[in-house]
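Welcome to a short tour you can follow in your own viewer.

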Amino acid sequence: DIYTMSPKLPTMFNKLIRLTSSEYSQTITSHFAADAGIKNSFIEAAAKYEREQVTQIKTKAAPGIGDIHDAYEHLLADREGRILLLIDEAGSLGKAFFADGGGSSLFETLMNQLRTTSFLRTKIAIYPNTPADMLFETRYGDLVELTENVLDDVSYNQFRKKALKIIERYASRSAQTLVRPHELFDLDSSELPKEDALEQALYSSGGNMRRLVQILDQSMLAAFADHKGSATVSVKHVTDALKRQSHAAECIYSDSDMEFLAGVAKVCHSRGTFRFQFPYKSPALLKYTSKSEEYNLLNVVEAGGGRRKTTYAFDYAYCVNHDIPTHHLKDSERLDKTRSRKTGQWIMRAAQISEELLLHAKLLNKLNGKIGLLAKQSGYITDDSGKEYWFLFSDVMDGEASQLVVSGKKVLFYPSEFNGSPMAVAIEIL
């Protein structure tokens with residue numbers, strides 16, 4: 001290990017990253033050449049390479065794979081070194097970087113050159129449902145997904161173990177003594193079952209470790225403001241942190257953007273889900289999915305293609321802040337307000353959104369009801385109070401007309417009158 005060679009090295013390497021290539025070789029030679037055991041083939045190669053090669057590479061307009069190979073031969077080959085190329089946040093690059101019409105993209109050209117070398121290995125960090133999903137070929141290197149699927153039991157448990165270990169290490173180092181996660185957070189256990197604060201933080205992170213650490217930090221700040229460290233972080237503190245985070249994200253959008261999204265949220269809420277599909281609206285929804293993780297109010301659950309529609313989901317913090325349902329009670333259609341794995345399960349159904357539904361979402365005083373007795377092209381709807389309303393099939397909204405109108409279906413409707421009798425219009429099938 002090069003760090004065992006001299007106590008000067010850790011400090012020196014922090015300075016080296018700010019130097020040009022010429023200054024790099026000169027600085028290494030002048031600082032370490034006199035030290036016993038430091039002057040070796042690597043130092044000599046660096047000095048030789050600076051004299052013979054560096055200036056040439058610096059002045060080339062477009063260095064190629066040959067220049068990388070030459071640099072390796074001069075600096076690392078005799079040390080049996082290898083180069084690890086890490087490409088982080090690949091999804092933030094434009095789609096054209098990964099696909100260029102029908103021809104070879106810039107990325108493909110670059111990676112095809114790099115993979116011909118025996119000394120270079122590539123790891124590419126990606127988020128799901130981004131342009132980087134095009135990196136499916138292992139010949140380009142190892143793909144490292146930056147998120148875990150917290151909806152899946154196995155992935156959730158793995159991510160939870162990582163989170164518990166991070167909390168323990170971080171807290172123990174700060175306190176300079178061993179601190180267990182349950183000493184900081186309310187955690188559910190078989191011995192003492194209770195609400196699980198970490199569970200809510202994990203859901204809101206979306207499986208992103210960077211975002212999880214931010215949420216844990218905000219939750220601890222909320223707890224400290226509440227009881228000055230005399231008790232653990234509770235679900236209430238995490239919920240407060242999530243609401244503040246959602247509010248901060250919403251503030252970067254315009255009023256018209258938030259009004260549009262609120263309409264979509266209202267339609268989803270009435271249908272008991274946080275997922276939706278909105279055909280032909282991908283360009284309009286892009287602004288809610290293309291920012292950094294903590295500021296996206298929507299997430300792409302499944303990217304569309306061909307006849308398959310794109311499925312979106314509201315960000316978990318936004319759901320908590322605006323009371324959008326995310327969980328059913330187990331083996332039931334009833335909503336689970338606690339959003340807990342212990343009592344509930346994730347809602348997987350996606351609402352079908354249309355412009356007409358958004359327009360009707362602005363109507364006030366719509367009622368919930370259930371379809372009862374049916375006749376030819378007409379029937380009755382009973383509201384929650386037991387009052388009956390007559391309706392025509394033609395009053396079922398166009399976007400819902402293809403769905404089967406059957407007895408027992410839950411609906412949302414606007415109360416009206418026909419010849420003095422109660423009538424239901426603007427009917428949405430839920």
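## Stop 1: a loop and its aspartate

Select aspartate 196, which sits in the loop between H7 and H8. Keep in mind as you look that this is a predicted model. Is aspartate 196 buried or exposed? Its relative accessible area is 9%, and the cut-off for buried is under 20%, so aspartate 196 counts as buried.

Now show what surrounds this residue. Setting aside neighbours within four places in sequence, aspartate 196 is in contact with Arg160, Asp186, Leu187, Asp188 and Val235. Zoom in on the side chain of aspartate 196 and look for backbone nitrogens. The one belonging to leucine 198 is reached at 3.0 Å.

## Stop 2: across to helix H7

Arginine 160 is in helix H7 and aspartate 196 in the loop between H7 and helix H8 (197-205), so you are looking at a link between distant parts of the chain, 36 residues apart. Both partners, arginine 160 and aspartate 196, are buried.

Next, select glutamate 148 and lysine 162. They form another salt bridge, and their closest N and O atoms are 3.1 Å apart. Why does this pair tie together separate parts? Glutamate 148 belongs to the loop between strand E3 (142-145) and helix H7 (153-175), while lysine 162 is in helix H7, so the parts joined are 14 residues apart in sequence. Lysine 162 has 42% relative accessibility and therefore counts as partly exposed.

## Stop 3: where two helices pack

At what angle do H7 and H9 pack? The angle is about 50°, and the axes are 12 Å apart. That angle makes H7 oblique to H9. Their crossing is right-handed.

To see the meeting place, show these side chains:

- From H7, pick Phe159, Lys162, Ala163, Ile166 and Ile167, which meet residues of H9.
- From H9, pick Met209, Leu212 and Leu216, their partners in this packing.

## Stop 4

Move on to glutamate 428 and lysine 366, whose side chains meet in a salt bridge at 2.6 Å, N to O. Glutamate 428 is in strand E14 (residues 421-429), and lysine 366 is in the loop between helix H14 (355-361) and strand E10 (367-375), so this pair ties together parts 62 residues apart in sequence. Glutamate 428 is buried, its relative accessible area being 2%. Lysine 366 is buried as well, at 16%.

Which residues are linked in a network of salt bridges here? Select Arg271 together with Lys366 and Glu428 to see it.

## Stop 5: zoom out

Finish with the whole protein chain in view. How many helices and strands are there? The chain has 14 helices and 14 strands. Of its 430 residues, 38% are buried. Finally, take the contacts between residues at least 6 apart in sequence: 57% of them join residues at least 24 apart.

Terms used: Residues are numbered from 1 along each chain as its sequence is written. This is a predicted model: local features need pLDDT of at least 70, side-chain atom pairs count only at pLDDT 80 or more; totals for chains, interfaces and linings use all residues. Side-chain values use heavy atoms; hydrogens and water are left out. A salt bridge is a side-chain nitrogen of Lys or Arg within 4 Å of a carboxyl oxygen of Asp or Glu. Helices (H or I, at least four residues) and strands (E, at least two) are DSSP runs, numbered from the N terminus. Buried means under 20% relative accessible area, exposed over 50%, partly exposed in between (1.4 Å probe, protein chains only). A polar contact is a pair of N or O atoms within 3.5 Å; within protein, one must be able to donate a hydrogen and the other to accept it, and residues adjacent in sequence count only if both atoms are side-chain atoms. Contact means heavy atoms within 4.5 Å. Axes are lines fitted to C-alpha atoms, for helices over the stretch in contact, and angles run from 0 to 180 degrees between N-to-C directions. Angles under 35 degrees count as roughly parallel, over 145 as roughly antiparallel, 65 to 115 as roughly perpendicular and the rest as oblique. A crossing is left-handed if the near helix is turned anticlockwise from the far one by less than a right angle, and right-handed if clockwise.
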